[in-house]
Amino acid sequence: MTPDPGLASWLQLSLTPGLGASTLRRLLSQFGLPEAVLGRKRSELAALIPASALEALDSERVAAMVARGLEWSSAADHSIVTLADQTYPRALLDTADPPPLLYAHGKIELLQHPAIAVVGSRNATAQGESNAHAFATALSNAGLAIVSGLALGIDAAAHRGGLAGASSTIAVLGTGIDIVYPSRNAELAVEISRRGLLLSEFPLGTPAAAHNFPRRNRLISGLGRGCLVVEAALASGSLITARTAADQGRDVFAIPGSIHSPLSKGCHALIKAGAKLVESADDVLSELSGFRPSGFATTTAQPVATPADSGLLAVMGHDPVDVDSLCVRAGLSADQVASELLRLELDGRVAALPGGLYQRLEKAHRG
């Protein structure tokens, strides 16, 4: 992609230390495009720009970062999208703090595609990851790109589900776009760059820093028509994303879970606060204008009765349970229960949880 002739000016302003996004937007509002801003006398800019930022504006350090950004954007499937570009996502223009520019790697057209955020715990259960993948696939097939944050757990499962569907996925990073965090998702990031879109507002080379991730959450929620929380503890960053979505006027959805699971408490708190309880992708689609529930999109988190549910599964229930309780319920010895649990775990029907607990897994189905 050939860089926009004015891109260097956008980069110079955005990469100047101490010149934040709100100040940059104020400069644009007063003087026009970045070329016009930089064409002003520095004494004129001094009224709006801190002295340290004004000094750094024409520094060699900033010039080097601009050159690096221009070189990066010239590569295939690399783009730097500014507020003045037609490709800038319209959804973010409706938010309170749209970034002046975005670094994008992959299918840039996804920025104009209807989307939904799907987020949740990094320490997700196997059932939670299964639900995230199934919901994301169904929603992607229904015409919604899946937006998430490339974290472990629910985010990664949602991205994979989006890639499995028709509308792909957008990963919003809390680092520079040239850095993959966490490294365990490196292979997934490569796949998203090929078939979906990686997106970041942070300059190239920006490392993982705790304060950047809550900031990027406003982009995850802002890009979507709504925000679906799959699993979340009460202190989860996903709740920040959900609350930001509500503040941005987006619909918030939450999947309920066991009252005994810490990873359900965040979703239950959201539901108590007014989020929509959903059990299927159709429940989400029915709330979004322009989308109708359809037969292929009825992926649900509800259990499916199968012949294999006889035996130990039949007495497990759907809440976490310990081995001693299973022995009493099933009338089996500890050795018999342990053997059956191992078989069920290998078959993908049961997951071992911390604290010596076990929980049955329900494979999402199509209604």
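## Close-up views of the predicted model

**View A. Three strands make up an open sheet, in the order 10-12-11, with antiparallel pairing.** The strands at the edges are strand 10 (321-322) and strand 11 (350-353), each of which pairs on one side only. Strands (E, at least two residues) and helices (H or I, at least four) are DSSP runs numbered from the N terminus, and two strands count as paired if DSSP finds at least two bridges between them. Two bridges link strand 10 to strand 12 (residues 357-360) in the antiparallel sense, and here Val-321 stands opposite Tyr-358. Strand 11 and strand 12 also run antiparallel, joined by four bridges, with Leu-353 opposite Leu-357. Look for Gly-355 in the hairpin of strands 11 and 12: three residues lie between these strands, and Gly-355 has a positive phi near 85 degrees.

**View B. A word on confidence and conventions.** This is a predicted model, in which local features need pLDDT of at least 70 and side-chain atom pairs count only at pLDDT 80 or more, while totals for chains, interfaces and linings use all residues. Residues are numbered from 1 along each chain as its sequence is written, and side-chain values use heavy atoms, leaving out hydrogens and water. The average pLDDT (the predictor's confidence in each residue, from 0 to 100) is 89, and 92% of the residues score at least 70. Residues 302-310 have a pLDDT below 50, yet this stretch has 14 contacts in the model beyond near neighbours in sequence; a contact means heavy atoms within 4.5 Å.

**View C. Helix 10 (residues 186-195) has a buried side that includes Leu-188, Ala-189, Ile-192 and Ser-193.** Buried stands for under 20% relative accessible area, exposed for over 50%, and partly exposed for in between (1.4 Å probe, protein chains only). These four residues are on the same side of helix 10 because they cover an arc of only 140 degrees around the axis, taken from the directions from the helix axis to the C-beta atoms. On the face turned away from that side sit the exposed Glu-187 and Arg-194. The packing partners of the buried residues are strand 2 (101-106), helix 9 (154-164), strand 5 (169-172) and strand 6 (197-200).

**View D. Pro-182 is in the loop that runs between strand 5 and helix 10.** With 15% relative accessibility, Pro-182 counts as buried. Setting aside residues up to four places away in sequence, Pro-182 touches Leu-150, Ala-151 and Leu-152. Between Pro-182 and Ala-151 there are 6.7 Å, C-alpha to C-alpha, although they are 31 residues apart in sequence.

**View E. Helix 1 is largely enclosed by the rest of the structure, because six of its eight residues are buried.** The buried residues are Leu-7, Ser-9, Trp-10, Leu-11, Gln-12 and Leu-13. They pack against helices 2, 3, 5 and 6, along with strands 1 and 2.

**View F. The largest nonpolar core holds 35 residues.** Such a core is a set of buried Ala, Val, Leu, Ile, Met, Phe, Trp, Tyr and Cys residues joined through side-chain atoms within 4.5 Å. Leu-11, Leu-27, Leu-45 and Tyr-103 touch the most other members. Among the elements giving two or more residues to this core are helix 1 (7-14), helix 2 (21-31), helix 6 (60-73) and strand 2. A second, separate core has 30 residues, including Cys-227, Val-252, Cys-267 and Ala-275.

**View G. His-78 belongs to strand 1 (residues 78-82).** His-78 is buried, at a relative accessible area of 12%. A polar atom of the His-78 side chain lies 2.8 Å from the backbone oxygen of Trp-72.

Definitions and conventions: Polar contact = N/O pair within 3.5 Å; in protein donor to acceptor, adjacent residues only side chain to side chain.
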